[in-house]
Amino acid sequence: MNKKIIILGAGLTGLSIAYLLKKNGIRTQILEARNRIGGRIETIKGNQDTPIEMGATWLGEKHKTLVNFLNELGIEKFKQYNHGIAFFETMSFAPPQEFLIPESTEPSFRIKGGSSQLIEKLVSEVVLENITLNQVIIKIEKQDDHVHLINRKNESISADLVISTLPPKLFAKTISCTPSLPQGVLNIFNTTQTWMENSIKFGVEYSTPFWKKNGQAGSVFSQSSIIPEMYDHTNFEENKFALKGFLNGSASQYSKQEREEKVIATLVKFFGKEAENHIGYFDNNWENERFTFSPSDTFLFGHQNNGHHVYQNGYWENQLWFAGTETSMNYGGYMEGAIQSAQNTVHRILQLSQVKSSQGLTPKSGLDL
Ligand SMILES: Cc1cc2nc3c(=O)[nH]c(=O)nc-3n(C[C@H](O)[C@H](O)[C@H](O)COP(=O)(O)OP(=O)(O)OC[C@H]3O[C@@H](n4cnc5c(N)ncnc54)[C@H](O)[C@@H]3O)c2cc1C
């Protein structure tokens, strides 16, 4: 008998779990709340098709699992451009300081074509028909041997095994479980920080990389402007150009047009008049993304409770599991953490099922290997 495995969330973790299980001959179904795939990975195209990251962008050689995963999938990475003069600003009334960026011993890399290449490749491996969009799950119930997932339209989908890849805090705040998870476990979920959930990313597209011509890196570090951090965002082929970075949290009080005006005025201050000739302005305030952001009851430190031991076990007689980058014991919050959590979850589920079949028991988790 074929048992049904449902994965909640078509972000990097959910897609990687589906991919890894498929490699073991196990089919899954992914339910995704948004009308797009990728979760916190979102590469948009500018007006001249420049790939601009609104979500995850950088990785390092130290992210070994991710680097191996990219190699396995045949996806190339390239070094973040960071040569020449950068700007450092401490006070709004003093001119920004210029400094020459030293060669980094630990360079950052970006994914050729944009981070969404990783998502698209996984989708093609997993097969699109196994992913259903616009499925906002609000309730999960265990009845006898089955787990029922109830969506916003009150439709019920039944499964033998469910793996949630939602950020744990979002899960605790938006999905009710019957029977309830232990209160101590829920307390950890509620105090697990969701990485980057309230950051604002922006990109400005240009037809030429005028900063490079002027010997500038395109990097800005400012403690007093609307742009605390920014870098060159030229594509791998070096024929599409943008500057990309983060906006100060206070920018959320402005309209998009006001943000654009303030960003361009700030860029003119650093780079001169040429910065006015932009061909596109894009930004995303992740605090408005209700399938990422959830309010916190108390102040949470970055990465707080990431990889906590409550995420390393199955619940409901191993029919309910929690994965996702925040559950990873290493590099929680990052793409590396997402891949590690996918690998670990798949490993645990396969191991459990093998133990049961070697004991001559029908695997209760529902896997039929
Ligand atoms: C602005 C920003 C910048 C970042 N920069 C970097 C970086 O440079 N390098 C790096 O390594 N990482 C970075 N990250 C983090 C990186 O994006 C994440 O580590 C990774 O994408 C997490 O993947 P995930 O699948 O675990 O979670 P998610 O991508 O959050 O996936 C969870 C999925 O669950 C879905 N979902 C939510 N609620 C429901 C529901 N009720 N029912 C069904 N589905 C639901 C969501 O829509 C989502 O698709 C950044 C993130 C952001 C937001």
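Biologist: Which residues of helix α3 are buried?
Modeller: The buried residues of α3, which spans residues 116-126, are Ser116, Leu118, Ile119, Leu122, Val123 and Val126, where buried means under 20% relative accessible area, exposed over 50% and partly exposed in between, with a 1.4 Å probe and protein chains only. They lie on the same side of α3, because they cover an arc of only 150 degrees around the axis, the arc being that of the directions from the helix axis to the C-beta atoms. This is a predicted model, in which local features need pLDDT of at least 70 and side-chain atom pairs count only at pLDDT 80 or more, while totals for chains, interfaces and linings use all residues. Residues are numbered from 1 along each chain as its sequence is written, and side-chain values use heavy atoms, with hydrogens and water left out.

Biologist: What covers the buried residues of α3?
Modeller: The cover includes the helices α1 (12-23) and α2 (64-72), together with the strands β2 (29-31), β3 (43-45), β8 (109-111) and β9 (131-132). Helices (H or I, at least four residues) and strands (E, at least two) are DSSP runs, numbered from the N terminus, and contact means heavy atoms within 4.5 Å. After α3 comes Val127, whose phi is positive, near 85 degrees.

Biologist: Which other residues have a positive phi without being glycine?
Modeller: Asp49 is one of them, with phi of about 65 degrees, and Asn318 is another, with phi near 65 degrees. Asp49 sits in the loop between β3 and β4 (51-53) and is partly exposed, with a relative accessible area of 46%. Asn318, in the loop between β19 (280-285) and β20, counts as buried because its relative accessibility is 19%.

Biologist: OK, new topic: what does α5 pack against?
Modeller: The buried residues of α5 pack against α4 (168-174) and β20 (320-322), and they are Val185, Leu186, Ile188, Phe189 and Asn190. Pro179 lies in the loop between β14 (176-178) and α5, and a cis peptide bond, with omega about -5 degrees, joins Thr178 to Pro179.

Biologist: And Thr192, buried or exposed?
Modeller: Thr192 is found in the loop between α5 (183-190) and β15 (200-206), and it counts as buried because its relative accessibility is 0%. Its side chain makes a polar contact (2.6 Å) with the side chain of Tyr311; such a contact is a pair of N or O atoms within 3.5 Å, where within protein one must be able to donate a hydrogen and the other to accept it, and residues adjacent in sequence count only if both atoms are side-chain atoms. Not counting residues up to four places away in sequence, Thr192 touches several others, including Pro168, Lys169, Leu300 and Glu326.
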